[in-house]
Amino acid sequence: MQQYYFLDSSGELKTSIQLQGDFVIAYALRLWKSHDKIVDLVEDIRGSCFNKESKTISYNLFSLKDSNSTYFLELDANISTIHSQTHYAIKLRLEQRVEKENWRLIGTEETFGHVSCNERGVFSKLEISVLNDSLNKMAV
């Protein structure tokens with residue numbers, strides 16, 4: 001898991017899941033907040049889709065209320081196909097609104113591979129960790 005820093009302590013978060021391939025995906029997108037060894041679930045979004053070429057699914061998350069906490073964005077995905085073998089790519093992207101119509105990228109994680117109809121499917125997990133930084137710099 002890579003760790004990134006918030007650009008500032010205000011504004012909404014937006015995440016997008018970019019899919020590419022010919023597969024079926026069932027996913028759970030969760031946003032966790034951690035502070036003083038306490039972990040709370042903030043958002044839990046579940047969905048599924050059938051993908052033929054490429055697709056982007058976007059969600060607006062909550063406005064930041066606690067900039068002293070660490071946030072973890074995780075995507076659990078179950079990938080399957082009806083084809084003998086297909087390649088897939090999944091990219092998880094997190095952005096933060098810094099002005100009225102201005103979004104800035106905080107971080108991305110991606111995975112790719114192949115799946116076949118003879119398998120039960122492939123499980124994939126992507127995670128992004130985000131925390132406050134007084135210098136407002138992004139670190140990888």
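Predicted model: local features only at pLDDT ≥ 70, side-chain atom pairs only at ≥ 80, totals over all residues.

A: Searching the whole structure turns up 0 disulfides, where a disulfide means a pair of cysteine sulfur atoms within 2.5 Å. In general, such a link is a covalent bond between the sulfur atoms of two cysteines. C49 is buried at a relative accessible area of 10%, while C117 is partly exposed at 36%.

Residues are numbered from 1 along each chain as its sequence is written, and side-chain values use heavy atoms, leaving out hydrogens and water.

The chain has 0 helices and 9 strands. Both are DSSP runs numbered from the N terminus, helices being H or I with at least four residues and strands being E with at least two. Of the 140 residues in the chain, 41% are buried.

Our part begins with strand 3 (residues 23–35) and strand 4 (residues 38–51), which run antiparallel and are joined by 13 bridges. Two strands count as paired if DSSP finds at least two bridges between them.

Now for the charged side chains. The whole structure holds 8 salt bridges, a salt bridge being a side-chain nitrogen of Lys or Arg within 4 Å of a carboxyl oxygen of Asp or Glu. One of them joins R30 and D44, at 3.9 Å from N to O. Because R30 lies in strand 3 and D44 in strand 4, this pair ties together parts that are 14 residues apart in sequence. R30 counts as buried because its relative accessibility is 13%, whereas D44, at 35%, counts as partly exposed.

R30 has another partner: it forms a salt bridge with D76, and here the closest N and O atoms are 2.6 Å apart. That pair links distant parts of the chain, since R30 is in strand 3 and D76 is in strand 6 (residues 70–80), 46 residues away. D76 is buried as well, its relative accessible area being 13%.

D44 also meets R46 in a salt bridge, at 3.5 Å from N to O. R46 counts as exposed because its relative accessibility is 56%. Through shared partners, salt bridges join R30, D44, R46, E74, D76 and K125 into one network.

S69 is in the loop between strand 5 (54–63) and strand 6. At 1% relative accessibility, S69 counts as buried. S69 is 36 residues from K33 in sequence, yet their C-alpha atoms are 6.4 Å apart in space. For the chain as a whole, consider contacts, meaning heavy atoms within 4.5 Å: among those between residues at least 6 apart in sequence, 74% join residues at least 24 apart.

Notes:
Buried < 20%, exposed > 50% of the residue type's maximum accessible area, 1.4 Å probe, protein only.
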